[in-house]
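Good morning, and thank you for joining this group meeting. Please take a moment to look at the sequence and the structure before I go through selected features.

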Amino acid sequence: MSGRPSNFDLHCHSTASDGVLAPAELVRRAHANGVDVLALTDHDEVTGLAEARATAAACAIRLVAGVEVSVTWGGITIHVVGLGVDPAHPALAAGLDHVRSSRVRRAERIAAEFDALGIEGTLAGAYSYAANPNLVGRTHFARFLVERGVARDVRSVFHRFLATGKPGYVPHEWAQLADAVGWIRASGGRAIVAHPGRYRLSRTDLRRFLDDFKAAGGDGIEVVTGSHTPAQYGEFAALAREFGFLASRGSDFHGPDESEIDLGALPQLPADLTPVWHDWHRDRQTRAAACPA
Ligand code: AMP
Ligand code: MN
Ligand code: MN
Ligand code: MN
């Protein structure tokens, strides 16, 4: 028995959505950082999984098929992570296809907002950063605006233009909560609320949301994530206990220069919580010492 606890990182992004690294590079970086089990959870998209799976097999780390579904609940955007999904399941595939198709129209509306601000060419600019044009999103606009010199980094572009209520923000209707949870569960996955501390919800609305999520069949919440402060680890650990939710851990890594928390670098979950992986089969593989290029 090894003394080291397994390192699970169950939330990250590749170039199939708004990550900077290709799936293979992401898996190699996870391996180098000591991750044993990695879930690739691209926004509304599963096309990065095949490449990630192949590289994970070569490096002998375990790859969990995941996705991060964009949901609208109570007028705000909520992200629901699916873990252990079957990417080929018809209901999941059709649901994600529908969510993706609406991104193209939203991108045109975002570009029109920037045109009105006198910042032109952002639609082509955003697409130049979207390796997967079906998945064009706000991060791609932000990277282009940094290139243009409009702001010094992606975070500042969100703060000035792209966050809710800012001049480049366009309200958007994503999937329904019950639908997203239903697609994930129908495909054999577990549904997990991504970074629950990041939504601007009052305590009452947060509980109302968690009640709805549970009623829809939701399984758990992220407790330790790159999007939470250490104080929020405790806050959401308490909510996991209160609601009887499984707990998850994931960096939400997007890229070396954009994410403060690297793959596999988070603290462990509080020991009394039930991790989402509690009944996953033990990984009997031995990690490769090096990951083939
Ligand atoms: P979208 O799904 O296209 O609306 O984009 C959502 C993504 O934008 C998130 O997954 C993050 O990667 C990124 N994002 C959202 N808010 C911020 C922020 N304040 N700073 C940096 N990135 C952000
Ligand atoms: Mn993202
Ligand atoms: Mn998210
Ligand atoms: Mn994410």
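Ring pairs join Trp73, Phe209, Phe213, Phe243 and Phe245 into a cluster. A pair here means that the rings of Phe, Tyr or Trp (its six-membered ring) have their centres within 6.5 Å; planes under 30 degrees apart count as stacked, over 60 as edge-to-face and the rest as tilted.

Before I continue, a word on the source. This is a predicted model, in which local features need pLDDT of at least 70 and side-chain atom pairs count only at pLDDT 80 or more, while totals for chains, interfaces and linings use all residues. Residues are numbered from 1 along each chain as its sequence is written, chains are lettered from A and ligands numbered from 1 in the order in which they are written, and side-chain values use heavy atoms, with hydrogens and water left out.

How many aromatic pairs does the structure hold? There are eight. One of them, formed by Phe8 and Trp277, is stacked, with 3.9 Å from centre to centre and 5° between the planes. This pair links distant parts of the chain, since Phe8 belongs to strand β1 (residues 8–9) and Trp277 to the segment after β8, 269 residues apart. Helices (H or I, at least four residues) and strands (E, at least two) are DSSP runs, numbered from the N terminus. Both Phe8 and Trp277 are buried; that word stands for under 20% relative accessible area, with exposed meaning over 50% and partly exposed in between (1.4 Å probe, protein chains only).

A further pair consists of Phe114 and Phe141, whose ring centres are 6.3 Å apart and whose planes meet at 15°, so this pair is stacked as well. Phe114 sits in helix α3 and Phe141 in helix α5, so the pair ties together parts that are 27 residues apart in sequence. Phe114 and Phe141 are both buried.

I turn now to the ligand. Which residues surround ligand 1? They are Asp18, His43, Arg103, Arg106, Gly137, Arg138, Thr139, Arg155, Phe158 and His254, where a residue is included if one of its heavy atoms lies within 4 Å of the ligand. Sorted by class, this shell has one nonpolar, four polar and five charged residues. The classes are as follows: Ala, Val, Leu, Ile, Met, Phe, Trp, Tyr, Cys and Pro count as nonpolar, Asp, Glu, Lys and Arg as charged, and the others, Gly among them, as polar.

Several side chains place polar atoms beside oxygen atoms of the ligand. For Arg103, the distance from a polar side-chain atom to an oxygen atom of ligand 1 is 2.8 Å; for Asp18, the corresponding distance is 3.1 Å. An N or O atom in the side chain of His43 is 2.9 Å from an oxygen atom of ligand 1. On its own, ligand 1 has 500 Å² of accessible area, of which the protein covers 78%; these areas come from the Shrake-Rupley method with a 1.4 Å probe, and for residues, only the protein chains shown count as cover. The elements giving two or more residues to the shell are α3 (90–116), α5 (138–147) and α6 (154–162).

The side chains of His43 and Asp18 make a polar contact at 3.2 Å. Such a contact is a pair of N or O atoms within 3.5 Å; within protein, one must be able to donate a hydrogen and the other to accept it, and residues adjacent in sequence count only if both atoms are side-chain atoms.

Gly137, also in the shell, is found in the loop between α4 (122–129) and α5. Gly137 is buried, with a relative accessible area of 5%.

My last topic is the cysteines. One disulfide is counted, by the rule that two cysteine sulfur atoms lie within 2.5 Å. The disulfide joins Cys59 to Cys291, with 1.6 Å from S to S. Cys59 lies in helix α2 (residues 49–59) and Cys291 in the segment after β8 (246–250), so the link ties together parts that are 232 residues apart in sequence. Thank you for your attention.
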